[in-house]
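Subject: The structure I promised you

Hi,

Here is the structure we talked about, with the sequence alongside. Have a look at it first, then read on for what turned up.

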Amino acid sequence: MKSFDIIKRPILSEKTYAEIANKKYAFEVDKNANKVEIKKAVEEVFGVKVKSVNTVNVNGKLKRQGKTQGYTSDYKKAYVTLTADSKAIEFFESLS
């Protein structure tokens, strides 16, 4: 699996904005990727040093519109912490 296939998109929320200053970032990742693959992908794509990776499987939410209902897609979220001597990810610098 390629690095760009593992990292799908950044997750931007109030919680993740607050952690950017501490070099902690959140990404939606491939469901089948493990922590080691996620670490290698982030290091390769962004050119940084990763200290730790925490993952969470997120279940889809129930959504209703009129009398029809369904669930949003399940996905996997990864919280990536960079080392103290690593540079910050440029994409997130303009957001903090």
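This is a predicted model: local features need pLDDT of at least 70, side-chain atom pairs count only at pLDDT 80 or more; totals for chains, interfaces and linings use all residues.

**Salt bridges**

R9 has a charged partner. It forms a salt bridge with E28, and the closest N and O atoms of the two are 2.7 Å apart. R9 sits in strand β1 (residues 7-10) and E28 in strand β2 (residues 24-29), so this pair ties together parts of the chain that are 19 residues apart in sequence. E28 has a relative accessibility of 13% and counts as buried, because the cut-off for that word is under 20%.

The search of the whole structure gives 2 salt bridges. K49 is partly exposed at 49%, whereas D85, at 61%, counts as exposed.

**Aromatic rings**

Now for the rings. How many aromatic pairs does a search of the whole structure find? The count is 4. One of them joins Y25 and F92 in a tilted arrangement, with 4.7 Å from centre to centre and 35° between the planes. Y25 belongs to strand β2 and F92 to helix α4, so the pair ties together parts that are 67 residues apart in sequence. Y25 and F92 are both buried.

F92 also pairs with F27, and this time the arrangement is edge-to-face: the centres are 5.8 Å apart and the planes are at 80°. Once again strand β2 is linked to helix α4, with F27 and F92 65 residues apart. F27 is buried, like F92. If you follow the ring pairs around, they link Y25, F27, F46, F91 and F92 into a cluster.

**The nonpolar core**

Two of those names come back here. The largest nonpolar core has 18 residues, and the ones that touch the most other members are Y25, F27, I38, V42, V80, L82 and I89. At least two residues of this core come from each of β2, α3, β3 and β6.

Leaving aside its neighbours within four places in sequence, V80 is in contact with K23, K24, Y25, F27, I38, V42, V50, S52 and V53. Next along is T81, which lies in strand β6. T81 is buried, with a relative accessible area of 14%. With its neighbours within four places set aside, T81 contacts K23, K24, V50, K51 and S52.

K23 is on both of those contact lists. You'll find K23 in the loop between α2 and β2. What is phi of K23 near? The value is near 60°, which is positive in a residue other than glycine. Most residues other than glycine have a negative phi.

**Two residues in one loop**

Last stop: the loop between β1 and α2 (14-19), where you'll find L12 and also I11. I11 counts as buried, with 11% relative accessibility. L12 is partly exposed, with a relative accessible area of 39%.

Apart from its neighbours within four places in sequence, I11 is in contact with T16, A26, F27, E28, Y75 and K77. So F27 and E28 show up again, because contact here means heavy atoms within 4.5 Å. I11 and A78 are 67 residues apart in sequence but 9.2 Å apart in space, C-alpha to C-alpha.

L12 takes part in something else: together with Y17 and F91 it forms a nonpolar patch on the surface, with about 280 Å² of accessible area together.

Happy exploring!

Terms used: Residues are numbered from 1 along each chain as its sequence is written. Side-chain values use heavy atoms; hydrogens and water are left out. A salt bridge is a side-chain nitrogen of Lys or Arg within 4 Å of a carboxyl oxygen of Asp or Glu. Helices (H or I, at least four residues) and strands (E, at least two) are DSSP runs, numbered from the N terminus. Buried means under 20% relative accessible area, exposed over 50%, partly exposed in between (1.4 Å probe, protein chains only). Rings of Phe, Tyr and Trp (its six-membered ring) pair if their centres lie within 6.5 Å; planes under 30 degrees apart count as stacked, over 60 as edge-to-face and the rest as tilted. A nonpolar core is a set of buried Ala, Val, Leu, Ile, Met, Phe, Trp, Tyr and Cys residues joined through side-chain atoms within 4.5 Å. Patches are made of residues with over 30% relative accessible area and no salt bridge: like charges are joined within 9 Å, nonpolar side chains (Val, Leu, Ile, Met, Phe, Trp, Tyr) within 5 Å. Accessible areas come from the Shrake-Rupley method with a 1.4 Å probe; for residues, only the protein chains shown count as cover.
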